[in-house]
Amino acid sequence: MRRKIVAGNWKMNTTLKEGLELAKAVKENAESGLPDGVSVIVAPPFTHLTGIKDVLPSSIGLSAQNCATDESGAFTGEVSAKMIASTGAQYVIIGHSERRLYFRETDDELNKKVNMALSNNLTPIFCCGENLEEREKGIYTEVVKKQIELGLSGIDKDDFKKIIIAYEPVWAIGTGKTASPEQAQEMHGYIRNLLAEMYDAEAADKVSILYGGSCKPSNAAEIFANEDVDGGLIGGASLNAADFLAIARSF
Ligand code: PEP
């Protein structure tokens, strides 16, 4: 059975105090139980990782939202995968559409980041997804194919098995527009088939593919009910512990 995952991407929100309070609220809410086989991960800003690590039980995963392409050196303002791992975090989001768009991160850089994460024992949560124009032109599968092929270029099967994929149509992120369950399943199925071609059917069958884009308690169940949707990467709704955990309980 594939791992079901609900990961909260807090983006650039919360002060340290607010972040610690949110992490405590997530912990307390999660104590009242989660469906079998569902894992919860939180991805606060870098500045909060160490403090939040001390608050969270080991059953809740901790993720960074980005990492540098290099391990150390003269890269002012960057944070390396090695540094992230040293906080006790186990995951890192790579290739979020906001990084691709606002920070001009290229497929080549993202591929380096995936390698950096893996070599520092962090699980990459690798994001892909088309924008509105690409969806309307009907080229969304090609766009996602290229992102995945280039982002995971050179990653062997053993390392691939450690990766989590997040399909996030850019037109659905923070817009309140969610992909329909059919649109989500179409893309998740497409991605799994692509991964089967790149690796093999067994490896593709085991990888968790999360959906992201305006997922909330009211729509999570119908999206998660799809065969190839293994959970969600949640932005806005992850800033409220009750909503976030309600999403995790939507399986
Ligand atoms: C995200 O940014 O990963 C995301 C899915 O955001 P939202 O849930 O707010 O659309």
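**Before you start**

The model is predicted, so local features are reported only at pLDDT of at least 70 and side-chain atom pairs only at pLDDT 80 or more, while totals for chains, interfaces and linings use all residues. Residue numbers run from 1 along each chain as its sequence is written, and side-chain values rest on heavy atoms, with hydrogens and water left out.

**Stop 1: the ligand**

Now look at the oxygen atoms of the ligand. Which distances separate them from polar atoms of the protein? A polar side-chain atom of K11 is 2.5 Å from a ligand oxygen, and an N or O atom in the side chain of E168 is 2.6 Å from one. From G236, a polar backbone atom lies 2.8 Å from an oxygen atom of the ligand. On its own the ligand has 290 Å² of accessible area, and the protein covers 95% of this. Such areas come from the Shrake-Rupley method with a 1.4 Å probe, and for residues only the protein chains shown count as cover.

**Stop 2**

Helices (H or I, at least four residues) and strands (E, at least two) are DSSP runs numbered from the N terminus. Check the backbone here: phi of K11 is near 55°, a positive value in a residue other than glycine. T14 is in the loop between β1 and α1, and its phi, near 80°, is a positive value in a residue other than glycine.

**Stop 3: the largest pocket**

Next, select K11, M12, Q65, R99 and F103, the closest to the centre of the largest pocket among its 19 lining residues. This pocket holds about 490 Å³ of space. Pockets and cavities are found on a 1 Å grid over the protein atoms alone: a cavity is a set of points where a 1.4 Å probe fits but cannot get out, a pocket is an open set with protein on both sides within 12 Å along at least five of seven lines, and lining residues have an atom within 4 Å of a point. Grid points are joined across faces, edges and corners, and a volume is the space filled by probe spheres set on the points.

Helix α4 (residues 97-102) gives the largest share of this lining, three residues. By class, the lining has 10 nonpolar, five polar and four charged residues.

**Stop 4: the second largest pocket**

The second largest pocket has a volume of about 330 Å³. Of its 14 lining residues, select R100, G129, N131, E134 and Q147, the closest to its centre. At least two lining residues come from each of α4 and α7 (140-151). Three nonpolar, five polar and six charged residues make up this lining.

**Stop 5: the cavity**

How many cavities of 30 Å³ or more does a search of the whole structure find? The search finds one. About 40 Å³ of space lies in the largest cavity. Select G95, S97, R100, C127, C128, G129, Q147, E168 and V170 to show its lining.

**Stop 6**

Finish with E105, in the loop between α4 and α5 (107-119). E105 counts as buried because its relative accessible area is 9%. Its side chain and that of K113 are joined by a polar contact of 2.8 Å; such a contact is a pair of N or O atoms within 3.5 Å, and within protein one must be able to donate a hydrogen and the other to accept it, with residues adjacent in sequence counting only if both atoms are side-chain atoms.

A248 is in helix α12 (residues 241-248), and A248 is buried, at 0% relative accessibility.

Key
Ala, Val, Leu, Ile, Met, Phe, Trp, Tyr, Cys and Pro count as nonpolar, Asp, Glu, Lys and Arg as charged, and the others, Gly among them, as polar. Buried means under 20% relative accessible area, exposed over 50%, partly exposed in between (1.4 Å probe, protein chains only).
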